Amino acid sequence: MAAVGSGGGDGRRAVDGLKALVAAPSGGGISVDWGRVAIEYDHGLPDDYKEFMEIYGEGVFDNFLSVVPPMPEAYPNDLSATVKGLTDDAQFTGEEEGFSDPELLIGWGSTTDSDLLCWYADGDDPNDWTTVLWRRHWSGTEAWMQFDCGMVDLLCRYVRQEIPQFWISDLRYSGSRFNRSCDIRRYRGTGTDLWGPEPLAG
């Protein structure tokens with residue numbers, strides 16, 4: 001498994017850095033009962049993830065990379081599209097695909113290529129967790145990339161196209177764009193293209 005780069009910093013600083021690169025939804029993120037989440041996830045979750053959910057929410061970058069919530073939100077009947085659901089998938093994949101510590105993988109995102117994005121929970125403080133990417137169409141240990149940074153810093157690297165062999169180059173717009181899952185669901189079937197050359201106003 002290859003290790004890439006370094007990073008760190010508190011949750012607010014990390015999300016402010018992402019906001020400078022990708023506009024946050026004008027309606028804000030999602031309201032999360034973090035007390036309930038703490039019961040569901042007794043290992044805790046990183047502060048940058050909590051900030052991301054408050055400011056961006058559950059959603060998708062560039063019709064490609066999805067970030068899931070801790071509890072079902074836009075799709076309340078789809079338990080797979082949560083941290084718990086992706087964690088089950090990530091740990092199973094880790095066991096099947098030769099990751100050294102599959103039980104330490106906690107899933108937080110995925111791509112349309114069925115890649116998985118995870119925390120590597122090797123310590124008691126979630127803010128110290130690094131991130132792991134599993135690339136479905138790669139084989140063996142090369143399928144696993146570990147990054148010495150948190151979730152939001154990894155998203156910043158994605159947006160800046162700094163992750164080797166992990167970027168879609170055929171976007172119809174410059175930069176990167178984020179849409180909330182609830183907005184994608186709301187506009188589905190209306191003929192509105194949220195990923196067109198010009199973003200919707202507001």
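Two strands pair if DSSP finds at least two bridges between them, and the strands and helices here are DSSP runs numbered from the N terminus (helices H or I with at least four residues, strands E with at least two). With that in hand, β6 and strand β7 (residues 144–148) are joined by four bridges and run antiparallel.

This is a predicted model, where local features need pLDDT of at least 70, side-chain atom pairs count only at pLDDT 80 or more, and totals for chains, interfaces and linings use all residues. Residues are numbered from 1 along each chain as its sequence is written, and side-chain values use heavy atoms, with hydrogens and water left out.

**Around β6**

On its other pairing, β6 is joined to strand β5 (residues 116–120) by five bridges, again antiparallel. V132 is a handy landmark: C118 stands opposite V132, and V132 also stands opposite Q146 in β7.

Two packed helices are described by the angle between their axes and the distance between the axes. Axes are lines fitted to C-alpha atoms, for helices over the stretch in contact, and angles run from 0 to 180 degrees between N-to-C directions.

| Helix pair | Angle | Axis distance |
|---|---|---|
| α1 (residues 11–19) and α5 (residues 151–159) | roughly 20 degrees | within 9 Å |
| α1 and α3 (residues 47–55) | about 45 degrees | 8 Å |

The α1 angle to α5 makes α1 roughly parallel to α5, while α1 is oblique to α3. Angles under 35 degrees count as roughly parallel, over 145 as roughly antiparallel, 65 to 115 as roughly perpendicular and the rest as oblique.

Taking contact as heavy atoms within 4.5 Å, R13, A14, V15, G17 and L18 in α1 meet V152, D153, L155, C156 and V159 in α5. By class, that contact of α1 with α5 has seven nonpolar, one polar and two charged residues. Here Ala, Val, Leu, Ile, Met, Phe, Trp, Tyr, Cys and Pro count as nonpolar, Asp, Glu, Lys and Arg as charged, and the others, Gly among them, as polar.

As for α5 itself, nine of its nine residues are buried, so α5 is largely enclosed by the rest of the structure. Just after α5, Q161 takes a positive phi of about 60 degrees.

Terms used. Buried means under 20% relative accessible area, exposed over 50%, partly exposed in between (1.4 Å probe, protein chains only).
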